[in-house]
Amino acid sequence: MTIKKFAWAALVVGVLGSNVAFAHDHGAVVEVSHPWARATPPVKPVHGAAYLTLTNTSDEAVVLEGVTTPVTDKASIHETQKVDGNMRMEKLKGGLEIEPGQTVKFAPGGYHVMLMDMDEPLVAGSHFPITLEFQGGLTEQVEIQVGDEPEMDGHSMGGHSKEHAH
Ligand SMILES: [Cu+2]
């Protein structure tokens, strides 16, 4: 995979199995893979969750501070935890730090991008963008695929970048 260094930029490659990479002046690189969300029932209020896998391939820590998306103005990073035997989710405070070389997988029962009060349900087969906001002002946009959880087939470790763009 080719990693080009560029500042203040975001690549959108969309669709299944795609990877997105960015770099800033200092060489920090985060790869995003398997961005997906479950379809939601067509019942208001519409709440949903999106998942993805983030890998910090640089030698510096990065901090994911927030998310924005056109599907709702109430998007945030949540963490589900077991508290006294019950699953509870809470907004992540202080951002999500990803150490150099670390992979953080968002998945049901753990980290997720919480999508509250969406205007429309998420329909299987559709997709929508989410912008990841990192500390230092960097942003990165990814296309979230609505449907089943993608198979973890090893593509997340790179070597597989833009050939699926449509
Ligand atoms: Cu949540």
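This is a short talk on one protein model, from its overall make-up down to a few residues.

First, the ground rules. Residues are numbered from 1 along each chain as its sequence is written. The model is predicted, and local features need pLDDT of at least 70, side-chain atom pairs count only at pLDDT 80 or more, and totals for chains, interfaces and linings use all residues.

So how confident is the predictor? pLDDT is its confidence in each residue, from 0 to 100. The protein has a mean pLDDT of 81, and 74% of its residues reach 70 or more. Residues 1-28 are below 50, and this stretch has 66 contacts in the model beyond near neighbours in sequence. Contact means that two C-beta atoms, placed from the backbone, lie within 7 Å. Residues 155-166 also stay under 50 in pLDDT, with 26 contacts beyond four places in sequence.

Now the overall make-up. There are zero helices and 11 strands. Both are DSSP runs numbered from the N terminus: helices are H or I, at least four residues, and strands are E, at least two. Take the contacts between residues at least 6 apart in sequence: 67% of them join residues at least 24 apart.

What share of the 166 residues is buried? The figure is 29%. Here is the scale. A residue is buried if 20 or more other C-beta atoms lie within 10 Å of its own, exposed if 12 or fewer, and partly exposed in between, with C-beta atoms placed from the backbone.

Next, strand S2, residues 29-37. Eight of its nine residues are buried, so S2 is largely enclosed by the rest of the structure. Which strands does S2 pair with? Pairing needs at least two DSSP bridges between two strands. S2 runs antiparallel to S3, residues 46-56, with six bridges. One of the bridge pairs is Glu31 with Thr55 in S3. S2 also runs parallel to S11, residues 139-146, with two bridges.

Stay in S2 and look at Trp36. Is Trp36 buried or exposed? Trp36 is buried, because 20 other C-beta atoms lie within 10 Å. Beyond four places in sequence, the contacts of Trp36 include Tyr51, Ile144 and Pro150.

On to S9, residues 111-118. Six of its eight residues are buried. S9 pairs antiparallel with S3 over four bridges, and Ala49 stands opposite Met114. S9 also runs antiparallel to S5, joined by six bridges. There, Ile77 stands opposite Val113.

That brings us to the core. A nonpolar core is a set of buried Ala, Val, Leu, Ile, Met, Phe, Trp, Tyr and Cys residues joined through C-beta atoms within 7 Å. The largest one has 29 residues, and Ala50, Val113 and Leu115 touch the most other members. Strands S2, S3, S4, S5, S9, S10 and S11 each supply at least two residues of this core. Leaving out residues up to four places away, Ala50 touches residues including Pro35, Val113, Leu115 and Ile144. In soluble globular proteins, nonpolar side chains tend to be buried together.

Last stop: Gly66, in strand S4. Gly66 is partly exposed, because it has 17 other C-beta atoms within 10 Å. Beyond four places in sequence, Gly66 touches Ile77 and Glu133. Gly66 and Ser76 lie 10 residues apart in sequence and 6.2 Å apart in space, C-alpha to C-alpha.

Notes: pLDDT is the predictor's confidence in each residue, from 0 to 100.
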